[in-house]
Structure formats: C-alpha cells, structure tokens
Amino acid sequence: MNVELMTDKFGGGIASVTTVHDEITVTARRDIVIPLLRFLKEDEEFACDFLTDLCGVDYLPESPRFRIVYHLYSLKHQHRLRVKVALEESDPVVDSCTSLWAGADWHERECFDLFGIIFKGHPNLQRLLLPPDFVGHPLRKDFPLEGFKEP
Amino acid sequence: MNERTMKINLGPHHPSTHGVLRVVLELDGETVVDAHPDIGFLHRGIEKLAEHRSYHQFIVLSDRLDYLAAMSNNLAYVTTIEKLMEIDIPRRARYIRVALAELQRIASHLFWLGTHAHDLGAMTPLFYMLREREAVMDIFESLTGSRLTPSFMRIGGLAADIDGDFIGAVKSFTDTFADRVGEYETLLTANPIWKSRTKGVGVLDAEACINLGVTGPMLRSAGIDWDIRKSHPYSSYEEFHFEIPTGKTGDVYDRYLVRIGEMRQSAKIIRQVVEGLPAGPWLARDARTVFPEKKELNTNIAALIRHFGLVMEGFQVPPGEVYHSIESPRGELGFYVVSDGGAKPLRVKVRPPSFVNLQGLVRMIRGKLLSDAVAVIGAIDIVLAEVDR
C-alpha cells in the first residue's frame with residue numbers, strides 16, 4: 001500500500017500516518033473525512049470496499065475528547081486500514097458516511113446512541129440499542145457504571 | 001402507510017425471530033411493503049462493563065456475546081489481547097484452540113439448521129441435529145465443565161490441557177459426522193418443499209453484501225470466497241487443508257448449502273488437529289499474564305505475590321490499539337481494543353457479525369411475502385445477544 005498517494009492528495013488534512021502491530025492508522029482532520037473515505041474506497045491502490053467497523057472512543061479528560069474510528073478493508077488487496085478523526089466535546093459533529101456504505105447506518109446510529117456523536121446527513125439518526133426516551137450516552141466516561149437513575 | 005396496508009409486530013417474542021428481535025412489518029395482504037427492525041432488547045452494556053473489568057475478567061463476558069459460539073468469542077478476544085501484548089502462543093495451545101473453534105462452528109451450524117428448518121415446517125431435522133450437537137456439548141462439558149459458556153481460553157493459552165478422553169471423543173465424533181451430514185442432506189437438499197421455500201428467496205448479491213459489510217456464510221453464498229481463516233490465518237489455520245464452500249445466487253438455499261459444506265470442512269480440520277497434535281506446553285511462559293502453577297505457590301513467595309497481583313489488580317497492557325478478527329460461525333467477529341497502559345481497557349469495541357448482517361434484512365424482504373421473512377430471518381443466523389451486546 002502506497003500511503004504517499006493519500007498524503008500527497010490530502011496534504012495538511014492528514015495529521016499522521018503510523019504503523020503499529022502491522023496496522024496502519026491514518027489520523028485525519030474532520031473536514032476532509034468524507035472525501036478521504038471516498039478516495040480510499042474508490043482509488044485502485046487502496047480499494048477499501050468494506051466498512052468493517054465504525055465506533056467512537058472517549059478519551060476524557062483529554063482534549064479533543066472523542067475519536068471516531070473507521071476500520072476499512074479491501075477484498076481486492078486484502079489489507080486493512082484504520083482512519084481516525086478527533087472531535088471536540090463542544091462540537092461532536094462529523095459528516096455521515098452512509099452515502100458511501102449502506103452498512104454505516106446502524107454503526108452511526110449506535111455511536112450516536114452511546115456517545116452522543118452527531119452524524120450530519122444521516123437519514124435517520126435515532127437511538128438504536130437504547131429506548132428513544134433514554135437520557136444520556138452510556139459509553140461516555142462521565143456516565144456512571146452503577147447508580148444511574150432514569151429521570 | 002395507506003388504507004390498504006396494515007402494520008404488525010413480528011416479535012419481540014416470536015419463535016421465528018430467534019431471540020428478542022422485533023420487526024415492524026407493513027403488510028399489504030401477505031406482501032411486505034416495508035420493514036423496520038427494532039433491536040436493543042438484550043442490551044447489557046457489555047462494552048461499558050469491559051472498561052471496568054480487568055483484561056482476564058472480560059473473557060467471561062465474551063461468552064455472553066454469542067452464546068451459541070462462545071469458544072469463537074473467547075478465541076477472538078484472547079487473540080486480540082495477545083496481538084496487543086505480542087505474546088507467542090505454544091503450538092499445542094493453538095491447535096487445541098482450532099479444534100475447539102471448529103467443534104463450536106459445527107455445533108452452531110447444527111443448531112442453526114435445526115431451528116431454521118423447523119421455522120419452515122420441517123420438524124424432523126431438529127431432532128437429528130440436536131443429537132449431534134449434544135455430542136459436541138458433551139465434549140465441551142467434560143473438558144471445560146460447561147456446555148454453553150466455557151470461558152476456556154486464557155490470554156496466553158488455555159485454562160487447562162486436554163485430558164485423556166478428549167482425543168477419543170473427538171475422533172469418534174468426526175468418524176461418524178460426515179455420514180450424519182449426508183443424512184441431513186437426504187432430508188432437505190432435494191426436498192421439493194424445502195426448495196420451494198428457500199430457492200430464490202432473500203437474495204443478497206455480492207455487491208449488496210459488500211456495501212452493507214455483510215460477511216461469513218452470507219457473503220460466501222453470494223459467490224465470494226472470502227474467509228478470514230484463509231486470507232488472514234490466525235491460531236495456525238495456515239497449517240490445515242480445507243476448502244471454502246461458496247454459493248452462486250446468494251439466496252436462502254445457497255446459504256444452507258454453504259453451511260452444510262462448512263460443517264464437512266470443519267470436521268476435516270478437527271481430524272487434522274487431533275492427528276497432528278503436537279506435544280508441549282498449553283500455556284505461554286509469559287509472566288505478565290499467566291498465573292504461576294499451583295505447586296509453585298506453596299514454595300515460592302514471588303510466585304504467590306504474582307498470583308495475588310494478577311487476581312487483585314490484573315496486569316498492565318502497554319498503551320496502544322489493535323483490531324483483530326476471526327471467522328466466527330456467523331462471519332467476521334472482530335475486537336478493537338484500546339489500552340491507556342492500565343490494567344483495564346480504555347475501550348473494547350466488538351464488531352459482531354450478526355449486527356452487521358442483520359442490516360441486510362429490510363433489503364431482502366421488502367416486496368416479498370410474509371412467510372419469506374421468516375425464512376430470511378432464519379437464514380441470516382442471528383444471535384440477538386451479540387447484536388445488542
């Protein structure tokens with residue numbers, strides 16, 4: 001995989017590319033994430049046709065607090081790629097990638113449900129696992145493990 | 001919603017939804033106009049719990065994700081942590097893990113086929129399949145003490161070595177199993193009722209599968225021979241000979257044929273494991289994660305302290321993140337684990353195959369008959385505990 005093709009194209013939009021445990025992680029700026037994912041999906045060199053997984057991570061008390069992590073896979077080249085985007089607590093919004101992969105639908109709804117991340121452009125951004133009237137986002141670090149009472 | 005259509009609930013308590021899945025169906029007569037799956041009834045917050053448990057303690061929770069394939073969950077989780085900590089696993093332990101994972105695949109597929117056929121009106125196959133599944137459960141019970149939730153794998157190897165009965169029991173199971181699969185096929189493969197209920201029903205072609213992220217037998221039934229055991233071998237799968245059964249059309253019937261083929265291949269792998277099982281240790285000698293031997297505790301104070309530390313605090317994992325996946329009976333089962341250097345994970349994300357595969361449901365049943373919806377739900381082979389976590 002020639003990652004320079006990607007860094008050349010997106011330049012300053014990509015903060016870092018690291019390889020640890022034989023896994024490549026690309027950290028990207030929020031505003032280029034959809035063009036970047038589209039490029040990784042459609043470019044012959046990467047051909048990441050699978051969105052394997054999408055999830056959030058809460059790094060409280062760090063700032064920026066949240067990361068959205070995309071795991072991509074290419075059937076053609078049989079390689080994996082991880083794309084990470086950092087989001088501030090005050091503005092936990094990122095563009096939805098449902099237009100690229102239909103399978104992103106439930107992943108994004110789950111992430112909204114459990115972390116409170118807003119996926120802009122998602123056709124039906126509602127809670128998925130928890131009841132619609134639930135208050136709070138349980139996978140946030142400041143949500144207690146025990147003792148939570150629904151108002 | 002218009003005057004002609006009617007909304008009904010399929011589930012959450014309905015035998016054909018295989019757990020607590022609710023699907024709101026909009027029907028025009030018997031035709032499904034639209035469907036809205038509703039999940040989450042079995043959400044237990046396992047990913048939240050993982051952040052408050054030591055790395056060892058999560059093994060028990062991983063059993064509860066997909067209770068029909070607990071060994072596969074154990075394997076996926078421990079191999080992820082081993083990758084993160086770069087622990088080398090003894091060859092004997094890797095072989096036994098493969099045997100257990102493949103026995104689990106057979107048990108899971110048998111249970112799937114029995115209940116799926118039962119949904120479609122074939123009562124008899126269920127009894128035959130539970131008979132063979134019982135043999136696998138007996139093997140698990142005598143080895144691990146538990147049938148459904150064995151928690152048998154450890155970070156670094158296994159909880160115990162296999163005992164004297166194991167090899168004999170596994171051999172006698174695999175000796176007869178190929179014939180038994182032949183028996184199932186005489187009941188179903190050419191059965192006109194079975195074919196009319198499954199052929200051309202619930203088609204999901206390769207392109208749709210990839211777009212949705214669908215993996216496992218569903219993807220292979222659409223003609224793509226992608227299996228993680230072949231493309232990214234783990235736990236020494238590269239040392240065994242087996243084929244990947246694939247289908248053509250991606251309908252319910254092809255999924256049945258793929259899973260039948262997989263059961264035969266699994267039996268072949270298990271046979272190779274027990275015939276070539278190497279001698280040696282079944283647990284890595286890695287002082288970070290592995291408990292000292294019992295006899296050491298009586299004589300060695302350092303071992304006793306280490307034992308105490310592992311129980312009370314767990315062990316620390318170097319900071320980092322890792323994604324690792326295996327081929328579970330239902331598809332790609334992955335774990336994404338983030339460590340901040342402490343004794344508890346910062347984040348554990350499960351990538352459950354059932355969750356992703358279930359998203360294809362609406363696409364498969366829209367415009368089809370209500371009775372097809374039952375066939376399609378069965379053919380996805382969902383376990384709701386894994387979907388909801």
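**Loop geometry, chain contacts and packing in the predicted model**

Pro64(A) is found in the loop between strand 3 and strand 4 of chain A (helices, H or I of at least four residues, and strands, E of at least two, are DSSP runs numbered from the N terminus). The structure is a predicted model, in which local features need pLDDT of at least 70 and side-chain atom pairs count only at pLDDT 80 or more, while totals for chains, interfaces and linings use all residues. Residues are numbered from 1 along each chain as its sequence is written, and chains are lettered from A and ligands numbered from 1 in the order in which they are written.

A cis peptide bond, with omega about -5°, joins Ser63(A) and Pro64(A). Another cis bond links Leu60(A) to Pro61(A), with omega about 10°; Pro61(A) is placed in the loop between strand 3 (50-58) and strand 4 (66-74) of chain A. Ala47(A), in the loop between helix 2 (33-42) and strand 3 of chain A, has a positive phi near 45°.

Between the chains, 29 residues of chain B are in contact with 27 residues of chain A (C-beta atoms, placed from the backbone, within 7 Å). Strand 7 of chain B gives the most to the side of chain B that touches chain A, with 4 residues. By class, this side of chain B has 11 nonpolar, 10 polar and 8 charged residues (Ala, Val, Leu, Ile, Met, Phe, Trp, Tyr, Cys and Pro count as nonpolar, Asp, Glu, Lys and Arg as charged, and the others, Gly among them, as polar).

Within chain B, the axes of helix 4 (residues 91-119) and helix 11 (residues 252-275) come within 9 Å and cross at roughly 155° (axes are lines fitted to C-alpha atoms, for helices over the stretch in contact, and angles run from 0 to 180 degrees between N-to-C directions). Helix 4 of chain B is thus roughly antiparallel to helix 11 of chain B (angles under 35 degrees count as roughly parallel, over 145 as roughly antiparallel, 65 to 115 as roughly perpendicular and the rest as oblique). The contact of these helices of chain B has 13 nonpolar, 2 polar and 4 charged residues.

Strands of chain B in the order 6-7-8 form an open sheet of 3 strands with antiparallel pairing (two strands pair if DSSP finds at least two bridges between them). Strand 6 and strand 8 of chain B are the edge strands, each pairing on one side only. The twist averages 10° from one strand to the next.

Notes:
Contact = placed C-beta atoms within 7 Å.
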